[in-house]
Amino acid sequence: MRDMGTIRNIVILTGAGISAESGIDTFRAEGGLWEQHRIEDVATPEAFERDPDLVLRFYDMRRESIQTKEPNAAHLALARLDREWAGELLIVTQNVDDLHERAGAQRVLHMHGEHLNAWCTDCDARSRWTGPLKQRPACPGCGARALRPDVVWFGEMPYGMDKIYSALRTADLFVSIGTSGAVYPAAGFVRDARELGAATLELNLERSQGSGWFDESRLGQASELVPAWVDELLAPR
Ligand code: OAD
């Protein structure tokens, strides 16, 4: 692993595992979200066309549920890193919860969208949305009843890819936290980062699918691994 003293620019990728200890189900664990619901039924544009009520109900439940959860020690540690790190930092999250922000992090990019946003497919505006969508409320901007959850479904383009790749190009360190490495393009960031010269570190409960691409893997709970890693990085040297 590269000498910590030479690291200036960092890209961090987070996934459902960082929010697991806050009580939000991951997707691919036994009994996880994709065992309880079929992706084809709730997380594709075709599903929304076929049965919008079902899809809106599913996201209404999730939107309501995340608002009862609290950031854990891993989110808080990343927020501290964001405050104290003088170099470039980008926290790319696949999570649609707002726990990074509620912990205080600012340099966050939600590549799979956000539960607490509604997207008007009529006027294209995004509005912060904490309530349900299933009664088809009017868009606050244009009044159309065309709001959908602002989450990226399978078959749709993730957000912010230009910004992510430009951060990867100058990154000295790429860190992946709590993600299984099952979903592209996020799963490919480690290879890209490596090829672009960054050191790569994985912090996860178990080895991810792309584990072999990391210089180092630390296995355990995010609430322990992440604060310890942030302490290391911010320690005076
Ligand atoms: P997954 O459910 O696929 O993977 C979660 C990962 O977190 C697994 O590797 C677990 O071992 C790990 N994990 C669980 N608890 C942990 C803990 N306490 N500490 C550290 N690690 C822990 O979730 P993602 O990789 O985030 O996309 O899934 C990626 C995408 O697939 C999601 O953004 C979502 C989903 O389909 C869309 O909906 C577009």
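One cavity of 30 Å³ or more is found in this predicted model, where a cavity is a set of points on a 1 Å grid over the protein atoms alone at which a 1.4 Å probe fits but cannot get out. The largest cavity has a volume of about 100 Å³, a volume being the space filled by probe spheres set on the points, with grid points joined across faces, edges and corners. Its lining residues (those with an atom within 4 Å of a point) include A16, S19, R62, D97 and H115. By class, five are nonpolar, four polar and three charged; Ala, Val, Leu, Ile, Met, Phe, Trp, Tyr, Cys and Pro count as nonpolar, Asp, Glu, Lys and Arg as charged, and the others, Gly among them, as polar. The largest cavity lies between domain 1 (1-24 + 71-112 + 158-237) and domain 2 (25-68 + 117-151), because both give residues to its lining. The domain bounds come from an automatic or database domain assignment.

The largest pocket holds about 900 Å³ of space; a pocket is an open set of points with protein on both sides within 12 Å along at least five of seven lines. Of the 46 residues that line the largest pocket, A16, T26, F27, R28 and S180 lie nearest its centre. Helix α5 gives the most to this lining, with three residues. Helices (H or I, at least four residues) and strands (E, at least two) are DSSP runs, numbered from the N terminus. Domain 1 and domain 2 each supply at least three residues of the lining of the largest pocket.

Aromatic rings are the next topic. Seven aromatic pairs are found in the whole structure; rings of Phe, Tyr and Trp (its six-membered ring) pair if their centres lie within 6.5 Å, and planes under 30 degrees apart count as stacked, over 60 as edge-to-face and the rest as tilted. F58 and Y59 form an edge-to-face pair, 4.9 Å centre to centre with 85° between the planes. The Y59 and W153 pair is tilted, because its centres are 6.1 Å apart and its planes at 50°. Y59 lies in α5 (residues 52-66) and W153 in the loop between β6 (147-151) and α8 (161-170), so this pair ties together parts 94 residues apart in sequence. Together, F48, F58, Y59 and W153 form one aromatic cluster.

The charged end of R148 sits over the ring of W153, 3.8 Å from its centre; this requires NZ of Lys or CZ of Arg within 6 Å of the ring centre and within 35 degrees of the ring normal.

Residues are numbered from 1 along each chain as its sequence is written. Local features need pLDDT of at least 70 and side-chain atom pairs count only at pLDDT 80 or more, while totals for chains, interfaces and linings use all residues, and side-chain values use heavy atoms, with hydrogens and water left out.
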